[in-house]
Amino acid sequence: MTIVPLIFTSGLASGINAYAVVLLLGLLGRFAGAESVPAALERTDVLIAAGVLFLLEAVADKIPYVDSLWDAVHTVIRPIAGATVGALLASADPGSLGEVAAGAMGGTTALLSHLVKASLRMAVNTSPEPASNIVVSLAEDVSVAGLVTLAIFHPWAAASVAAVLLAVGLLLVRFAISRIRGFRDRRRERRAARAAGVRPARGVPVPRP
């Protein structure tokens, strides 16, 4: 059942960048002879649409706060994409796994990885400089490309790496949540200070005369 690790890995990658997954799978199937890729993903119109949307995400994903807005919009899109890709992969390999089960696996994995990504990116946005968004976004793009490519040629190895990344990501979410809460508390304190007519002096709030 080599299709199972491919579905799991593509689902996880879809939760990070669904358009990149569709584009890479389609290109690998069309030009690299990957037999596990269904013909539906190799269609020219699908590749063009995935390519355009990937470019849009590549820009939006590197802009502070815009990336979190983009993630919010894709809370529904990425799991659906993961489920669809999973079902298509299962349909291309009859008898390995039912399409419904494959869709559930791909969609669930995509949802989990999306929640991890969105939480970590919100934590990154608490940083005052924008460079970290670009670095993290590029790292995500490279990870998705590497995982999808590895999954085509070495599915079990890719699934193992994906499982480790998901476990680490879930652990990091706890840190991300605490950082986000601290950021919100600081913003609330600054707003309260401004509303009370207080200004900082050497780091200490001082009442205005």
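## Exercises on helix packing

The axes of helix 3 and helix 4 (residues 99–124) approach within 7 Å and cross at roughly 155°. The model is predicted, with local features requiring pLDDT of at least 70, side-chain atom pairs counting only at pLDDT 80 or more, and totals for chains, interfaces and linings using all residues. Residues are numbered from 1 along each chain as its sequence is written, and side-chain values use heavy atoms, without hydrogens and water.

**Exercise 1.** State how helix 3 and helix 4 are oriented to each other.

*Solution.* Axes are lines fitted to C-alpha atoms, for helices over the stretch in contact, and angles run from 0 to 180 degrees between N-to-C directions. Angles under 35 degrees count as roughly parallel, over 145 as roughly antiparallel, 65 to 115 as roughly perpendicular and the rest as oblique. Helix 3 and helix 4 are therefore roughly antiparallel. Their crossing is right-handed (the near helix is turned clockwise from the far one by less than a right angle).

**Exercise 2.** Classify the packing of helix 1 (residues 3–31) against helix 3.

*Solution.* The axes of these two helices come within 8 Å and cross at roughly 135°. Helix 1 is therefore oblique to helix 3. Helix 1 passes helix 3 in a right-handed crossing. Contact (heavy atoms within 4.5 Å) involves residues including Ile3, Leu6 and Tyr19 of helix 1 and Trp70, His74 and Leu89 of helix 3.

**Exercise 3.** Describe the packing of helix 1 with helix 5 (residues 131–153).

*Solution.* The angle is about 80°, and the axes lie 8 Å apart. Helix 1 and helix 5 are therefore roughly perpendicular. Among the residues in contact are Leu6, Ala13 and Leu28 of helix 1 and Glu140, Val144 and Ile152 of helix 5.

**Exercise 4.** Examine the length and course of helix 3 (residues 66–91).

*Solution.* Helix 3 has 26 residues and spans 36 Å from first C-alpha to last, close to the 38 Å expected at 1.5 Å a residue. A kink of about 55° in helix 3 is centred on histidine 74 (the angle between axes fitted to the seven residues ending there and the seven starting there).

Definitions and conventions:
Helix = DSSP H or I, 4+ residues; strand = E, 2+ residues; numbered from the N terminus. Expected span 1.5 Å × (residues − 1).
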